[in-house]
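Trainee: I am new to this structure. Could you walk me through a few of its parts?
Mentor: Gladly; let us look together and take it piece by piece.

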Amino acid sequence: MPSFLWLEALCIFLFSRVCPSLHLQEVHGNRETIGKISVASKLMWCSAAADVLFLIDGSHSIGKGSFERSKHFAITVCDALDIGPERVRVGALQFGSTPHLEFPLDSLPTRQEVKAKIKRMVFKGGRTEMGLALKHLLRRGFPGGRNGSVAQLLIVLTDGKSQGPVELPAKQLKERGIAVFAVGVRFPRWEELLTLASEPKEQYVLSAEHVEDATNGLLSTLSSLDLCTTAVPGCRVEAHPCERKTLETTRELAGNALCWRGSRWADAVLAVRCPFYSWKRVFLTHPATCYRTTCPGPCDSRPCQNGGTCIPEGLDRYHCLCPLAFGGEANCAPKLSLECRIDVLFLLDSSAATAPEGFLRAKAFVKRFVQAVLSEESRARVGVASYSREFVVAVPVGEYQDVPDLIRNLDSIPFRGGPTLTGNALRQAAEHGFGSATRTGQDRPRRVVVLLTEAHSQDAVAGPAQRARARELLVLGLGSEAVRAELEEATGSAKHVMVYAEPQDLFNHIPELQGMLCSRPRPGCPAQSLDLVFLLDASASVGPENFAQLQSFVRSCVLQFDVNADVTQVGLVVYGGQVQTAFGLDAHLTQAAVLRAVSQAPYLGGVGSAGTALLHIHGKVMTVQKGARPGVPKAVVMITGGRGAEDAAAPAQQLRNNGISVLVVSVGPVLREAVRRLAGPRDALIHVAAYTDLRFHQDVLIKWICGEAKRPVNLCKPSPCMNEGTCVLRNSSYRCECRGGWEGPHCGNRVLRGDAPKARGIHQEPAGGHQLLNSQHVLGHPGS
């Protein structure tokens, strides 16, 4: 035999040895669903009276290995049967060239005896005469059965390669009321199994190669016949998409070789090129529907937080696979940002020199800080005081129910005006700011005063500050560049001072303050104001598996941000054959909600257009109507496989021209020229070789986002004005000039017809018109 034929024969032999380990009928579902199916098969119990006969193929076409798998399946099914003379009786018949009764239904009264007898069955070989075996049952009935007075179940285990007709005897058995299950082994002929099985065939055709799944399918069907029940409440039978596989031999043209036509010694010898073929064994798949029972699992309640993956361990136990940021924590609960035991009093300047705008900024800073770093289990306690002429403790240290209660009290603190007496405030804070507790030494938490001011003090600061520090107070200063020297005087060290040049920069100091308090800054830019939209390529060129990788990467990135209405808002847009907003900026205002929504984003398929998707973001996502906040930095992170980007350069530049940063993450071995153009003049581009490598580029992505969030913001880009209103900058704020028929801060209110003449031209507001502060000053969504 030529060497290549030996090689082909060896490959076929190895292939046939490996393939039986594959699941030849496989449910399509996630790992959790597959696990539930396996668990549920062990929770089902069949105690109604029934006669169960196993008809097991013992022919040469099955082989001894598949015969043993058939026995294993029968034994596994018996574990769920309440075997006894008055309840479930079990018998077995092996067929090859002729049918052979292994044991009748009335011979073995206990489960242990039945399982032992099946285990001792000996493979007999012979032809696959299934038709003769079915006719044998038609003539003699179920051996040892109860003559049809109870349910009769025939479970046929075969590869479906009978050497005689089976359709007619199978039909006659089913007409007698016998429920026939067709269970395939090795590489079955599914069409013959479907001929054998009862209706509905999807529920009566199974594959013994995956024992737990097939057992579940069989018992699920019996449950619908009220022959079986589940031991756990809440279990139910559900339809799942699945596929059936079969191994077939196909012929392929391998090439042409020289051959002879006629006699080689005759004068009419003709040498021509003749085709020759190779034979290959390939898997073919057939889509189907499988019915399986699933029971409530320990992961149904989603106990793992912050993007953790729940792994069930039996019926009531589980463990969580946590992202790195939450490793080692129970249920991936967030690690406390302020793990130290500390009392913090925020001292806010409420004087006329600071002005209402500066006071609102200070309150916004404290609000964002406590949202970023406090939790229910935090050992840190926070209080808030304000000062001008008088010192007032608005929120005593630790005297609040929870963070929302602290925020409500903070919002109610009024602006007072008056002189800036910072020295007096420091003295009062040292004496009365932390209550009347007399604890000393290790029994007393570390006490810190955080002074926030933008104005020079009108009284002496050095003396009161020194006395405060002598009382074991740590004084930290946060203010404008203009008062840096005075803050250094108040704190006693330049290392304890944080200054900002622009209002937006104030909020960038939240991680720095956190580090000063407990020497543990948070990763990324968690307290940074930001409207962030992820744009994911969900086209057919990416595929569902790679799209799942994109979802996982976005979830990991979201963990780096404090998601709420006042700090970071996150939106998600997907594009393929169409463009779809999975969720807008103001749809989910907690990190957990965003993580869930990312997991539920749809895969679209089709041919994607990145340009259309970017235009969609510009017109339907990054707008005031859809939750975008004026004056807040905005960024779009586009993750694409590279195809469909030919029309995207102009829309991307349009976004940048309107103050929206765009970063392109291109995945694939080749960086396309269209993607290079899309990255823009600042080359905002990250190239990733494969989808599985995305995680290695997360730090670069987060650094870029945080850098863009610190860039100067134009309050009128993108324009916050609706209905063709014009945005006008004025003294670090803006106003909207509305067209006729519209009014309101953002031109979102239609004027009634009777008032329309008054509203023509520029809308006039009382007390200087609709002037809006930078939204870094006034938090929350702008009203319309």
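Trainee: In which sense do β21 and strand β22 (residues 579-583) pair?
Mentor: Keep in mind that this is a predicted model. β21 and β22 are joined by a hairpin through three residues. Four bridges link the two strands, and their sense is antiparallel.

Trainee: Which residue in β22 is the bridge partner of V574?
Mentor: V574 belongs to β21, where V570 and L572 are among the residues on its side of the strand. Across in β22, the bridge partner of V574 is Q580.

Trainee: And over how many bridges do strand β20 (residues 530-537) and β21 pair?
Mentor: Here the sense is parallel. One place to look is V574 in β21, which stands opposite L536. The number of bridges between β20 and β21 is eight.

Trainee: Is strand β21 (residues 568-575) largely enclosed or open?
Mentor: Check its two faces. On one side T568, V570, L572 and V574 are buried, and on the other so are Q569, G571, V573 and Y575. Since eight of the eight residues are buried, strand β21 is largely enclosed by the rest of the structure.

Trainee: Let us turn to P99. Is P99 buried or partly exposed?
Mentor: P99 lies in strand β5 (residues 99-103). Buried would call for a relative accessible area under 20%, and exposed for over 50%. Because P99 has 27%, it falls in between and is partly exposed.

Trainee: How far apart in space are P99 and G131, C-alpha to C-alpha?
Mentor: Leaving aside neighbours within four places in sequence, P99 has contacts that include L132, A133 and H136. As for G131, 32 residues separate it from P99 in sequence. In space, C-alpha to C-alpha, the distance is 9.9 Å.

Trainee: At what angle do helix α10 (residues 355-373) and helix α16 (residues 510-518) pack?
Mentor: The axes of α10 and α16 are 10 Å apart, and α10 passes α16 in a right-handed crossing. Their packing angle is about 60 degrees.

Trainee: By class, how many nonpolar residues has the contact of α10 with α16?
Mentor: From α10 come F365, R368, F369, A372 and V373, and from α16 come I510, L513, Q514 and L517. One residue of the contact is polar and one is charged, while the nonpolar residues number seven.

Notes. Residues are numbered from 1 along each chain as its sequence is written. This is a predicted model: local features need pLDDT of at least 70, side-chain atom pairs count only at pLDDT 80 or more; totals for chains, interfaces and linings use all residues. Side-chain values use heavy atoms; hydrogens and water are left out. Axes are lines fitted to C-alpha atoms, for helices over the stretch in contact, and angles run from 0 to 180 degrees between N-to-C directions. A crossing is left-handed if the near helix is turned anticlockwise from the far one by less than a right angle, and right-handed if clockwise. Contact means heavy atoms within 4.5 Å. Ala, Val, Leu, Ile, Met, Phe, Trp, Tyr, Cys and Pro count as nonpolar, Asp, Glu, Lys and Arg as charged, and the others, Gly among them, as polar. Buried means under 20% relative accessible area, exposed over 50%, partly exposed in between (1.4 Å probe, protein chains only). Two strands pair if DSSP finds at least two bridges between them.
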